[in-house]
Amino acid sequence: MENAWLIPLFPLLSFLVLLIAGRRLREASAYAGILLTLASLAMSVYMLAERFTKPTFKSESVWLTIGDLKLTAGFEVNQLNALMLVIVSLVSFLVHIYSRGYMHGDERFPVFYAYLGLFTFAMLGLVLSPNLLQTYIFWELVGLGSFLLIGFYFYKESAKHAAQKAFIMTRIGDVGLLIGMILLFWQTGSFEYDEIFASVKEGAVSETMITLTAILIFIGAVGKSGQFPLHTWLPDAMEGPTPVSALIHAATMVAAGVYLVAATFPLFAASETALMTVSVIGAFTAIFAASIGIVQKDIKRVLAYSTVSQLGYMMLALGSAGYVAGVFHLMTHAFFKALLFLAAGSVIHAVHTQDIEKMGGLWKKLRFTAPLFLIGTLAISGVPLFSGFFSKDEILVAAWVHGNKALFWLAVTAAFFTAFYMFRLFFMVFAGEARTHMKNVHESPGSMIFPMAVLGVLAIASGYINTPWFGTFLGDWLVEGNSALGHGHVEGPAWIMIVATLVSLSGILLAYLIYVKRSISRDWLISRAPLTYNVLRNKYYIDEFYGMTFVYGAKAVSLFLRFIETFLVEGLVKTVTVFVQTLGKTGSKIQSGQVQTYGAIAFVGLAVLMVIFALTGGYL
């Protein structure tokens, strides 16, 4: 663990090498990125294995000295970030391999791999950070990496706008995080996680300040993790290449927000108000995004809204004091969502469209992609024996036991929506007959199939490391030695698991009846509730609302300030300029060198003074 600092340096080296020699290497750039990311993965796995038997390791040194204040930089290896390092490096490694086939022939192939290396470095650095200041530095680097990757196809207006939107909206959340950091430093005198938690535990920080700082930090997480109301950037980020979508929306950028809340969980646990805020926003986001997902027609946008919904689930778990449940679902989601995005990329690679209305009948044509997509769909739908079943059950139990009955039923409803829209997606893409004529549909190359196969295995098996049936190994290990994180496993009523299973199967059955059996019309929502359909199809008009208020509002303010600048400030400056120039010209004419002129001016001046003296009665 003493060498954990090397883990993020390998992808950084990849970035630097490809920045310098990428044009020469061309598509051989992929091998540089893959090998260096593999080195990070190997070290992460080795370090995780070591962390099972050894205590937390922390190493820091003085970075800056300002008077009596010493700011440190270093790295820390605890249970949470040891697990996250493996998740991030594994998904990044698989995305690097997948991109070898997906991005083949792209003119900017080396640049793409350089950006992947930068992004992976930033995320691994964020995970290893032992204090808030260092976290914030890498937090912003993650934002930069996502901006570059989302806007990779910069020649497309939609991609440029999506990148700008992602950058700006996440910056809004980052302002909250920055203010929260400053307030915590003001109250505790440190950015160190350990010292902040110790101050909170000792009562050195007031309850009001704990609540305020926790909510401000959560605002930062809301921006990065696409929670309502800062969620609108995430679906638009689908403009980036599909491997980017898998990386950003599975285990890295969007997971950073959830990771931040989990990393600062002792702070949130000290405030019931902060926990309630997190759980309410999470539950609302889960059902809000899920409801939008049921009517989307773009295969990647369905998965994008699914990501928003699943991140809401994680926040609901953390807000319900379910630390283990949130982290557990973060892990399982990383695997099955990365699988779904990569499988969606394989479909797009085969049919050259993202519109699911134009697909159909691909089960027979994509022999590997189709079953792997089904595995991911079963996992995210919470079907028994798949990873998502176990992690979702933990979240529902946490919500119920913590007393959030209303939020519990919202989560159950969101689970139904999830199963429905995911199998709607699966049936429309793979079942029945093709709805349009598609030529040369072929399976993806091995470099794309292999990463999906690995993720397919993990989408099934990863749930078994924390179940009431086989042992709660993950949960017990995550909270070991830290009572502020709660218990490894929370016992809940047995009926919750039954209800969750029935709800998921009901959603699947409804999708089957509509899109395969066709015993229910596909247009039932449009015909019976056209207003509801239009609202969902237009994503509750949130983007339009932001456009009419914040965008036009900002433009109106800028026009007003431009008016002030042009006609008042600049006009005043011009007036002063003209006055000084006129005064100078007049003075230059007076300075003629003629004694008569000077005498006349002196006489006139004296006369004026006499008149003033007379009018004022001699008081001047």
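Two strands pair if DSSP finds at least two bridges between them. By that rule, strand β1 (residues 57-66) and strand β2 (residues 69-77) are antiparallel partners joined over nine bridges. Helices (H or I, at least four residues) and strands (E, at least two) are DSSP runs, numbered from the N terminus. The structure is a predicted model, in which local features need pLDDT of at least 70 and side-chain atom pairs count only at pLDDT 80 or more, while totals for chains, interfaces and linings use all residues. Residues are numbered from 1 along each chain as its sequence is written, and side-chain values use heavy atoms, with hydrogens and water left out.

**Buried helical residues**

- Helix α11 (residues 253-263) is mostly covered, with 11 of its 11 residues buried; buried means under 20% relative accessible area, exposed over 50%, and partly exposed in between (1.4 Å probe, protein chains only).
- The buried residues of α11 include M253, Y259 and L260.
- A166 is located in helix α6 (residues 157-188).
- A166 counts as buried because its relative accessible area is 1%.
- Between the C-alpha atoms of A166 and V503 the separation is 34 Å, and the two residues are 337 residues apart along the chain.

**Nonpolar surface patch**

- F563, F567, L568, V569 and V573 make a nonpolar surface patch of about 490 Å².
- Patches are made of residues with over 30% relative accessible area and no salt bridge; like charges are joined within 9 Å, and nonpolar side chains (Val, Leu, Ile, Met, Phe, Trp, Tyr) within 5 Å.
- A salt bridge is a side-chain nitrogen of Lys or Arg within 4 Å of a carboxyl oxygen of Asp or Glu.
- Accessible areas come from the Shrake-Rupley method with a 1.4 Å probe, and for residues only the protein chains shown count as cover.
- F563 belongs to helix α24 (residues 542-590) and is partly exposed because its relative accessibility is 43%.

**Cavities**

- A cavity is a set of points, on a 1 Å grid over the protein atoms alone, where a 1.4 Å probe fits but cannot get out; lining residues have an atom within 4 Å of a point.
- Two cavities of 30 Å³ or more are counted by this rule, and the largest cavity holds about 70 Å³ of space.
- Of the 12 residues lining the largest cavity, G322, V324, A325, H487 and V490 are the closest to its centre.
- Helices α15 (323-351) and α17 (387-401) are the elements that give two or more residues to this lining, and α15 provides the largest share, three residues.

Terms used. On a 1 Å grid over the protein atoms alone, a cavity is a set of points where a 1.4 Å probe fits but cannot get out, and a pocket is an open set with protein on both sides within 12 Å along at least five of seven lines; lining residues have an atom within 4 Å of a point. Grid points are joined across faces, edges and corners, and a volume is the space filled by probe spheres set on the points.
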